[in-house]
Amino acid sequence: MNNQSIAPNETMQLHEILTFKNTCLTKALTMSPLVSDEELKSILQQEVSVSEKHIQELRSLMEKSNIASLEE
Amino acid sequence: MNGLIESLTGMSKMTDQVIATDFLISAKSGVQNYAVAITESTSLEVRAILKKQLQDAIQTHEKISNYMMEKGYYNAYDLGEQYKVDMETTDTTLGLTKNLK
């Protein structure tokens, strides 16, 4: 097996991180309109854009892994 | 948070603190989760992406923890002050359940 492919244990880690990041992004997005302090609002909004990039990268790694082919 | 929710929950000006604290806890978990994932990674591509994202997670943690120290929500160098904040927050939290009973 090509050692550049994604191993099953890595896929599980990616799954864990992706799940975590999805809830983080959802929370930052839904909480930021509720915040009154502008500085905190800006921190949450930066988190939204950084997390969006992270999630896209994690998703493309997951799509390359073997579990993507298990999807029906 | 908007006035209606504030008065309903009795949290008033606490909400920024609650949201900031929740975000700090997430930021800490993020750094820990990435560090664990990197120790399980074997391919160059996965490791490179996780390492880069770990750096971002560390920066996010730095931003929110500095913010909380500036605001006095988190007093790493003054335990007495931190105790006061902890007890005030605890009273507010326990007060929430009373209001709803």
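This is a predicted model: local features need pLDDT of at least 70, side-chain atom pairs count only at pLDDT 80 or more; totals for chains, interfaces and linings use all residues.
Helix 3 of chain B holds 27 residues and covers 39 Å from its first C-alpha to its last, close to the 39 Å expected at 1.5 Å a residue. The buried residues of helix 3 of chain B are Val46(B), Leu50(B), Gln53(B), Ala57(B), Thr60(B) and Ile64(B). They pack against helix 2 of chain B and against helix 1 and helix 2 of chain A.

Helix 2 of chain A can be described in the same terms. The helix has 27 residues and reaches 40 Å between its first and last C-alpha, close to the 39 Å expected at 1.5 Å a residue. Buried along helix 2 of chain A are Leu40(A), Ile43(A), Leu44(A), Glu47(A), Ser51(A), His54(A), Leu58(A) and Leu61(A). The partners of these buried residues are helix 1 of chain A, together with helix 2 (15-40) and helix 3 (44-70) of chain B.

| Helix | Residues | First to last C-alpha | Expected span |
|---|---|---|---|
| Helix 3 of chain B | 27 residues | 39 Å | 39 Å |
| Helix 2 of chain A | 27 residues | 40 Å | 39 Å |

**The chains**

Chain A contains 2 helices and 0 strands. Its C-alpha trace spans about 55 × 25 × 15 Å along the principal axes. The radius of gyration of chain A is 16 Å, whereas a compact globule of 72 residues would have a value near 11 Å. Of the 72 residues of chain A, 26% count as buried. Among the contacts in chain A between residues at least 6 apart in sequence, 66% join residues at least 24 apart.

Chain B has 4 helices and 0 strands, and its elements follow the order α-α-α-α from the N terminus. Buried residues make up 19% of the 101 residues of chain B. Of the contacts in chain B with a separation of 6 or more, 52% are between residues 24 or more positions apart. The average pLDDT of chain B is 89, and 85% of the residues score at least 70. For the model, ipTM is 0.89 and pTM is 0.86.

**The contact between the chains**

Chain A gives 26 residues to the contact and chain B gives 25 residues. On the side of chain A that touches chain B, the elements that give two or more residues are helix 1 (8-31) and helix 2 (38-64) of chain A. Helix 2 of chain A provides the largest share of that side, 9 residues. By class, the side of chain A that touches chain B has 13 nonpolar, 7 polar and 6 charged residues.

**The nonpolar core**

The largest nonpolar core comprises 22 residues, and those with the most contacts inside it are Leu40(A), Leu44(A), Ile19(B) and Phe23(B). At least two residues of this core come from each of helix 1 and helix 2 of chain A and helix 2 and helix 3 of chain B. Helix 2 of chain B supplies the largest share of this core, 6 residues.

Leu40(A) is among the buried residues of helix 2 of chain A. Leaving aside residues up to four places away in sequence, Leu40(A) touches Val35(A) in chain A, and Asp16(B), Ile19(B), Ala20(B) and Tyr67(B) in chain B.

Thr21(B) lies in helix 2 of chain B. Thr21(B) has 16 other C-beta atoms within 10 Å and is therefore partly exposed, since a buried residue needs 20 or more and an exposed one has 12 or fewer. Thr21(B) and Leu96(B) are 75 residues apart along the chain, and their C-alpha atoms are separated by 17 Å.

Gly72(B) sits in the loop between helix 3 and helix 4 (79-100) of chain B. Just after helix 3 of chain B, Gly72(B) adopts a positive phi of about 80°. Gly72(B) counts as partly exposed because it has 13 C-beta neighbours inside 10 Å.

Methods:
Residues are numbered from 1 along each chain as its sequence is written. Chains are lettered from A and ligands numbered from 1 in the order in which they are written. Two residues are in contact if their C-beta atoms, placed from the backbone, lie within 7 Å. Ala, Val, Leu, Ile, Met, Phe, Trp, Tyr, Cys and Pro count as nonpolar, Asp, Glu, Lys and Arg as charged, and the others, Gly among them, as polar. The radius of gyration is taken over C-alpha atoms; the globule rule is 2.2 Å times the number of residues to the power 0.38. The expected span of a helix is 1.5 Å times one less than its number of residues. pLDDT is the predictor's confidence in each residue, from 0 to 100. A nonpolar core is a set of buried Ala, Val, Leu, Ile, Met, Phe, Trp, Tyr and Cys residues joined through C-beta atoms within 7 Å.
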